[in-house]
Amino acid sequence: MSNVTSDASARVTHRAGVWQAVLLLAGSCMPVLGSVLITPVLPQLSEHFAGFPGAEVLVPMIVAIPALMIAIFAPFAGQVVDRLGRKPLLIIAMFAYAVVGTAPGWLEALPAILVSRVLVGVCEAAIMTVCTALIIDYFHEERRRDKYLGLQTVTTTLAATVFIIVGGALGVGGWHTPFWVYALSLVIVVPMIFSLWEPKAADSGEERVPAEKVRTPWRRIWVRLLVGLFAGFTFYVLVIEVSYLVVGTGIDAGDTAAIGAVAAVASLFTAFGGLTFARLGKIGAVRLLPYAFGLQALGMIIVWIVPALAGVIIGAVVAGFGSGLLLPSLVVWVVAPSRFAERGRVTGWWTAAFFFGQFLTPILMGGLAAATGQLAFAVGVVGIAAAVMAIVLALVQRRSVPEVAAEA
């Protein structure tokens with residue numbers, strides 16, 4: 001009887017609330033730094049390293065390399081999460097993130113900066129995998145789970161808006177300055193140490209299964225991972241290219257405040273998309289995917305066909321809203337149905353797929369821009385591809401409505 005009482009009290013003690021959600025959402029914002037904080041200073045970096053061999057490819061990699069490292073190391077982080085636990089990996093990664101993230105604040109050589117960005121990506125792989133898994137672990141009831149997964153997109157995109165503005169403002173003082181913002185992880189990790197705990201399968205009503213006996217459910221997730229990879233690409237096309245698109249309309253490359261403002265507006269509408277998911281999630285995440293890809297497609301095509309700065313702004317806003325609807329829909333579709341014992345693996349592979357798509361973005365966009373001769377036209381080509389994806393998903397849904405509804 002005493003054992004039952006102690007178990008019950010332990011569960012009450014470990015019931016997650018708003019504070020745990022705040023910490024996990026704040027932790028989820030850290031990987032956003034890797035992709036948006038220094039976006040406003042990319043033109044400055046391109047000018048500074050213009051004489052370095054291959055700089056036209058290597059400078060955008062300062063943004064993209066962390067995504068490649070996430071793609072490579074997230075599955076390993078998922079293995080560690082399932083075998084050794086969530087919290088220890090998160091705490092170590094948050095501390096390391098502050099060290100390697102701020103390194104370009106004093107580094108001068110492009111190769112050394114790229115090495116630091118590799119290490120940033122390794123830390124981000126662990127942070128993103130653990131934070132997403134813990135949100136599902138702590139808030140396993142469907143309504144609360146979908147609420148916080150939607151808020152994860154809202155929070156990260158609002159943070160992206162703030163980071164872009166901060167990056168643009170700090171960039172006025174030189175391209176080194178924005179990197180010091182990475183020290184923010186130290187502010188978040190301290191309360192994480194005292195307020196987060198290691199979850200157990202029993203907390204969500206599941207039987208404990210030894211991690212070594214659990215396999216990744218490839219049959220269920222491989223198609224979803226491919227969709228996630230493509231979504232990672234479409235999600236980051238305008239995030240990475242918007243500064244170059246704005247400069248292409250005649251804005252000076254040194255006007256980082258104006259460049260950051262355009263990017264921030266698009267990011268703000270991505271947050272609106274996440275809020276929309278929080279309201280529409282009960283419809284079924286998979287049913288929202290065609291609409292999300294369709295909005296991305298529309299926005300990118302507007303960038304292509306509407307000339308000057310107005311087209312860039314309007315297109316980025318529409319595509320950003322679609323991206324905000326897309327990300328939580330994909331997380332719910334891919335990760336939420338997984339069991340506790342396999343959740344780290346599934347979350348790791350989902351994170352790897354999405355961020356590998358991000359890593360491919362500057363490479364594919366560079367090739368498309370070279371082939372088409374114009375960056376805006378290359379964005380339009382991606383928009384057409386997103387429209388095709390929306391149509392394919394809509395047709396698949398129409399043919400398998402009962403199955404899709406059950407899985408969503």
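Residues are numbered from 1 along each chain as its sequence is written, and side-chain values use heavy atoms, with hydrogens and water left out. Because the model is predicted, local features need pLDDT of at least 70 and side-chain atom pairs count only at pLDDT 80 or more, while totals for chains, interfaces and linings use all residues.

A cavity here is a set of points, on a 1 Å grid over the protein atoms alone, where a 1.4 Å probe fits but cannot get out. Counting those of 30 Å³ or more gives 1 cavity. The largest cavity holds about 520 Å³ of space, the volume being what is filled by probe spheres set on the points, which are joined across faces, edges and corners. Its lining (residues with an atom within 4 Å of a point) runs to 36 residues, and the closest to the centre are Thr 157, Phe 235, Tyr 236, Val 239 and Thr 270. Among the helices (DSSP runs of H or I, at least four residues, numbered from the N terminus) that each supply at least two lining residues are α2 (18-36), α6 (110-138) and α9 (218-248). By class, the lining has 21 nonpolar, 15 polar and no charged residues; Ala, Val, Leu, Ile, Met, Phe, Trp, Tyr, Cys and Pro count as nonpolar, Asp, Glu, Lys and Arg as charged, and the others, Gly among them, as polar.

On to the packing. Beyond four places in sequence, the contacts of Phe 293 (heavy atoms within 4.5 Å) include Val 227, Phe 230, Leu 326 and Met 389.

As for the cysteines, there are 0 disulfides (pairs of cysteine sulfur atoms within 2.5 Å) in the structure. The sulfur of Cys 29 has its closest cysteine sulfur in Cys 131, 9.1 Å away, so the two are too far apart for a bond. Cys 29 is buried (under 20% relative accessible area, with a 1.4 Å probe and protein chains only) at 6%, and Cys 131 is buried at 0%.

Ser 195 is buried at 16% relative accessible area, and touches Trp 19, Gln 20 and Leu 23, leaving out residues up to four places away in sequence. Ser 195 and Ala 16 sit 179 residues apart in sequence but 9.5 Å apart in space, C-alpha to C-alpha.

Technical notes: Buried means under 20% relative accessible area, exposed over 50%, partly exposed in between (1.4 Å probe, protein chains only). On a 1 Å grid over the protein atoms alone, a cavity is a set of points where a 1.4 Å probe fits but cannot get out, and a pocket is an open set with protein on both sides within 12 Å along at least five of seven lines; lining residues have an atom within 4 Å of a point.
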